[in-house]
Amino acid sequence: MRSKYYWICLFSLPLFTALIATCGRRDEARISLTVKGAPDSTEVVVSRLAMNEIQVLDTLYTSQGKASCEVSVYAGSPEFIYLSYGDGQTVPLLLQDRDRVSVTASWNGAGATVEGSEESLLMQEVDSVINAFSSAFDAGTAELLAAEERGDHAEVSRLRRELGALYVRCKQDAIKYIYAHPKSMSVIPVLYMRTSDGLPVFSQATDALIMERVYDSLKTVYPSSPYLVSLADEVSLRFNALEIQNRMASAEEVDFPEIVLSDVNGRQQSLTALRGKVVILMFWDASNVEQRVYNSDLKILYDKYRGRGLEIYQVGLNSDKTAWAMQVKEQELPWISVCDPAAGASVSAMLYNVTQLPAMYVISRDGSIESKNVFDMRALEAEISRLL
């Protein structure tokens, strides 16, 4: 019963709390817990999933293996509630307002039974599947690493095939569960299942279609659930990735992907409109002092070569667009400065596979990307001079 949750969540706790507060009334759900074999005064932590953080609601202490509490639950949607005790034992629940739930668990983690909540019963099923997959994947991975250390190539090939087959079966079973329970919030953790090393089960851009189906179905039952706001963001992100894949597949090999973003004056600036010039495309974080200092050196290079056809298209990946604009104006940056406030979900960053900041691409007059991350100013000037 030691739960492993490898699913990603997109809200901050303050935003989740604000949404909950504005969505409607809250009511109480009551939990009665029995932990067979638990010592007296065993600590039980009651928590709620607030998207990307676990919010502790209460701490209980058992008496003769029993404990109980009431939790405040949003009336418009089930909420993910967890009971944690002992050496990492966790019982996941999916509670609605006015639920009266009885949970019987064991101190040694052999399993839990739940009465009084249909959604929580489904969560037990999901939890069991997630744990079984994680355990099998971990065991297979350990065997694979051992075979690689021994240099047993035949065994490595076999184990890789087995892990791949396990991964595929898990995804197929997950899709079956999603289709079989279209109105249950228990499908949310299924969508966000991950292996212990962080690989999402639903990792492809085309999985946007499945996520959209889940969103549309749950929206008819729980239209104001904060969890669905998060899911909508994920659906949008996946469709953006799918669009990028299609765009990249149909693009000319030497062509650079288009970016159209607003500058500090609200004007739309197109990257492809600069074709025919040598372009330094740079992604940066305006809140980073070192990156702001680098702009000073870049201004010297820009002033030297702009008359010969050099242009800079600088993308600020900052969620705080106002702070970004203040830095651009304060530094008096003379080139094209735009902001992609989506930050971690930035389509422009995904187009260029930006994994860390700063990131730089040098684009030739004919639109081919000639070099990447040339931050040494002498080397960058040599590259610009060569292309001009």
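**Notebook: loops and cores in a predicted model**

I located Glu332 in the loop between helix H8 (321–331) and strand E13 (336–339). Helices (H or I, at least four residues) and strands (E, at least two) are DSSP runs, numbered from the N terminus. I noted that the model is predicted, that local features need pLDDT of at least 70, that side-chain atom pairs count only at pLDDT 80 or more, and that totals for chains, interfaces and linings use all residues. Residues are numbered from 1 along each chain as its sequence is written, and side-chain values use heavy atoms, with hydrogens and water left out.

I looked up the backbone of Glu332 and found phi near 55 degrees, a positive value in a residue other than glycine. Glu332 is exposed, at 61% relative accessibility. The cut-offs are under 20% relative accessible area for buried, over 50% for exposed, and partly exposed in between (1.4 Å probe, protein chains only).

I then turned to Gln64, in the loop between strand E3 (54–61) and strand E4 (66–74). Its phi is near 55 degrees, again positive in a residue other than glycine. Gln64 is exposed, with a relative accessible area of 70%.

I next checked Pro358, in the loop between helix H9 (347–351) and strand E14 (359–363). The peptide bond from Leu357 to Pro358 is cis, with omega near 0 degrees.

Last, I examined the nonpolar cores, sets of buried Ala, Val, Leu, Ile, Met, Phe, Trp, Tyr and Cys residues joined through side-chain atoms within 4.5 Å. The largest has 39 residues, and Phe80, Phe133, Ile178, Leu191 and Leu231 have the most contacts inside it. Helix H3 gives this core its largest share, 9 residues. I recorded a second, separate core of 24 residues, which includes Leu301, Tyr305, Leu333 and Leu387.
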